[in-house]
Amino acid sequence: RWHLLVFLAVLLFLRAVTYRWIAPFWIGKLDWGLVVTPFRSDWFGGMLMFSFLSFGLTLGVFYIGLIFLSLLKGPEPIHAFVKIPLGRVDEWPRGMKLVLPLLGAALTWWFSSWLFNWTNVLAPISMAERFEQSLVIGLGSYLVWKFPAGVLLALFILSSYIYFGRHPFWKYVAATSQTLLYPLRLLPLRLKKVDFSPLLGLAILFFAAEGFGRGLAWIFV
């Protein structure tokens, strides 16, 4: 509702005022994954941009994580915590949800970079460089998925050796983790009662994310 949006805008404005007057020599840094944009606290316009953009960036990371969980489509009632904030997006085809982080992050950087160039936060760049940066930052948004994936696999390993009861949360963890580990189903990773597929999944996740991030950083530079 409009009054909630107004309240949020006022709160973010007061946050910028607080940064400006309480920390006059502080530099706020906005991490886009592959580039960091600095904002001096002695410049109120910069603090205003930092306040609104940092909130928007955090909200964007949160929704990218929700899209990942929506793709896994875990069982109810826990999946309702994903479905409610996503709304109708949760019912979209998987292909559309798969490209949402790329489009959202790329377009956000495309428009934000114009603002950064206009306010001298970043040096001017050509149209081709802007397009390349937008594409690379859009691809880099998928690195957010390593965090919910890693947490799910770690919890799955923990619940495999410790009984936490029949709570729906642990059923959700088991179902989504098994979806993540589906490509490893044909490998002989079980020794008696010990299943090594979650450990291998975590290792693949770590090395794949690290390699993908380094590759994007090389392209960005």
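**Exercise 1.** Find which residues lie nearest the centre of the largest pocket, and which elements contribute to its lining.

*Solution.* Start with the lining as a whole: 27 residues line the largest pocket of this predicted model, and Leu57, Val61, Ile64, Ser141 and Val144 are those nearest its centre. Next, turn to the elements, where α2 (44-72), α4 (94-118), α5 (127-140) and α8 (197-220) each give two or more residues to this lining. Among these, α2 provides the largest share, with 8 residues.

The model is predicted, with local features needing pLDDT of at least 70 and side-chain atom pairs counting only at pLDDT 80 or more, while totals for chains, interfaces and linings use all residues. Residues are numbered from 1 along each chain as its sequence is written, and side-chain values use heavy atoms, with hydrogens and water left out.

A pocket here is an open set of points on a 1 Å grid over the protein atoms alone, where a 1.4 Å probe fits, with protein on both sides within 12 Å along at least five of seven lines, and lining residues have an atom within 4 Å of a point. Helices are DSSP runs (H or I, at least four residues), numbered from the N terminus.

**Exercise 2.** Describe the second largest pocket by its lining.
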